[in-house]
Amino acid sequence: MTANLLQRAKGVKLAIFDVDGVLTDGRLYFLTDGSEFKTFNTLDGHGIKMLINSGVRTAIISGRKTPVVERRAQNLGIQHLYQGREDKLVVLDELLGELGLSYEQVAYLGDDLPDLPVIRRVGLGMAVASADDFVRQHAHGVTAARGGEGAAREFCELIMRAQGTLEAAQAAYL
């Protein structure tokens, strides 16, 4: 973890996550009845809960729309959910207007080309280790973990470490 990433993470007030390939491993599972399911990592989920408890707002912006993601967001306490939105930069601008935040106060974790405009615009734009190579090249940083395998937890802990809240959150379990 570089000093630059920690510096970028210090002022983060809103953390935004993509879903497929970030909160999941990117595989899509379709059942014969047309429904779909996704698998989520519990370490990622607890990291998001800790981040929320530290005072950072959270959001999901996904190009796909599925009830599974709505349920996951509710279970984790994610405050802002945008699904079926292909132009993520438009969503980001709407959200910043609603919350009164600047680009510099936002962290984003993505994996593919539709995430890149947001990754490049926000204060801390990161890619997961399994992200598209072009996206990794243009992100401020890349997680060691792959999407759906702890990358979101790593991202959350980076922000909390930079803001001095990680140790207290961990100590609560001692």
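Is Asp20 buried or exposed, and what is its relative accessible area? Asp20 is buried, with a relative accessible area of 14%; buried means under 20%, exposed over 50%, and partly exposed in between (1.4 Å probe, protein chains only).

## Basis of the report

This is a predicted model, in which local features need pLDDT of at least 70 and side-chain atom pairs count only at pLDDT 80 or more, while totals for chains, interfaces and linings use all residues. Residues are numbered from 1 along each chain as its sequence is written, and side-chain values use heavy atoms, with hydrogens and water left out.

## Salt bridges around Asp20

The whole structure contains ten salt bridges, each a side-chain nitrogen of Lys or Arg within 4 Å of a carboxyl oxygen of Asp or Glu. In one of them, the closest N and O atoms of Lys38 and Asp20 are 2.6 Å apart. Lys38 lies in the loop between strand S3 (36–37) and helix H2 (42–53), and Asp20 in the loop between strand S1 (14–17) and strand S2 (29–30), so the pair ties together parts that are 18 residues apart in sequence. Helices (H or I, at least four residues) and strands (E, at least two) are DSSP runs, numbered from the N terminus.

Asp20 also forms a salt bridge with Arg64, at 3.5 Å between the closest N and O atoms. Arg64 is partly exposed, at 29% relative accessibility.

## Lys88 and Asp115

A further salt bridge joins the side chains of Lys88 and Asp115 (2.7 Å, N to O). Lys88 is buried at 4% relative accessible area, and Asp115 is buried at 1%.
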